[in-house]
Amino acid sequence: YRVDALGNIVFPLLGEIHVSGLTRAQLETLIKNRILKEGLLKDFSVSVSFLNSRISIIGDVRSPGNYDFKDDKYTLLQALADAGDLNITAKRVVTVVRDKNGKRQVYEVDLKSRELFDSPAYYLQQNDVIYVIPNEKKAAESDSNASQWRQISTWMGLMSFVASMVTIVIAITK
């Protein structure tokens with residue numbers, strides 16, 4: 001069943017059920033209990049699985065991209081491993097961006113710290129974005145090539161202007 005923007009599903013015979021924030025096991029139990037309470041079925045089973053659970057990993061990792069997950073407890077470390085791990089040039093502090101109830105939350109997670117496991121971003125949620133920041137040296141190298149060419153083109157333009165002015169002055173004085 002598709003979960004709407006308010007975190008609800010419409011289940012046949014049971015009506016609307018609020019499912020946001022529930023694990024698969026909690027939702028299975030909730031549906032079983034509602035079916036039993038309503039006396040709708042006697043011999044049945046309920047199985048809940050996630051579809052379209054996806055996170056994005058961008059930045060200084062081996063394989064940036066979108067990754068699907070099916071587990072209730074998909075962790076930041078599992079996602080980074082799926083992306084081929086951080087490159088050697090990556091900072092060991094990553095940013096996790098999460099939209100929750102229409103508000104953007106940003107978490108800075110230090111991968112070298114034991115507090116990593118207590119972070120609210122350790123267990124990932126649908127549509128989380130993980131940004132792995134390159135270290136200062138790599139960031140400077142990516143900017144230095146562009147800025148180096150800008151410097152060269154600026155100097156070449158200045159030299160061309162000076163050469164043109166000299167040529168004009170020589171032509172006028174002759």
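A salt bridge is taken here as a side-chain nitrogen of Lys or Arg within 4 Å of a carboxyl oxygen of Asp or Glu. The model is predicted, so local features need pLDDT of at least 70 and side-chain atom pairs count only at pLDDT 80 or more, whereas totals for chains, interfaces and linings use all residues. Residues are numbered from 1 along each chain as its sequence is written, and side-chain values use heavy atoms, with hydrogens and water left out.

**Salt bridges**

| Pair | Closest N and O atoms |
|---|---|
| Arg 54 and Asp 68 | 3.0 Å |
| Arg 98 and Asp 128 | 2.7 Å |
| Asp 99 and Arg 104 | 3.9 Å |

For burial, the classes are buried (under 20% relative accessible area), exposed (over 50%) and partly exposed in between, with a 1.4 Å probe and protein chains only. Arg 54 is partly exposed at 38% relative accessibility, and Asp 68 is partly exposed at 44%.

The salt bridge between Arg 98 and Asp 128 links distant parts of the chain, with Arg 98 in strand β5 and Asp 128 in the loop between β6 (103-110) and β7 (129-134), 30 residues apart. Both of these residues, Arg 98 and Asp 128, are buried. In the remaining pair, Asp 99 is exposed at 56%, and Arg 104 is exposed at 63%.

**The largest pocket**

A pocket is an open set of points on a 1 Å grid over the protein atoms alone, where a 1.4 Å probe fits, with protein on both sides within 12 Å along at least five of seven lines; lining residues have an atom within 4 Å of a point. The largest pocket holds about 1,700 Å³ of space, and of its 40 lining residues Val 3, Ser 20, Gly 21, Phe 50 and Gln 126 are the closest to its centre. Strand β5 gives the most to this lining, with three residues.

**A nonpolar surface patch**

Trp 155, Leu 158, Phe 161, Val 162, Met 165, Val 166, Ile 168, Ile 170 and Ile 172 form a nonpolar patch on the surface, with about 900 Å² of accessible area together. Patch members have over 30% relative accessible area and no salt bridge, and nonpolar side chains (Val, Leu, Ile, Met, Phe, Trp, Tyr) are joined within 5 Å; the areas come from the Shrake-Rupley method with a 1.4 Å probe. Met 165 lies in helix α3 (residues 136-173) and is partly exposed at 39% relative accessibility.

Terms used: Patches are made of residues with over 30% relative accessible area and no salt bridge: like charges are joined within 9 Å, nonpolar side chains (Val, Leu, Ile, Met, Phe, Trp, Tyr) within 5 Å. Helices (H or I, at least four residues) and strands (E, at least two) are DSSP runs, numbered from the N terminus. Grid points are joined across faces, edges and corners, and a volume is the space filled by probe spheres set on the points.
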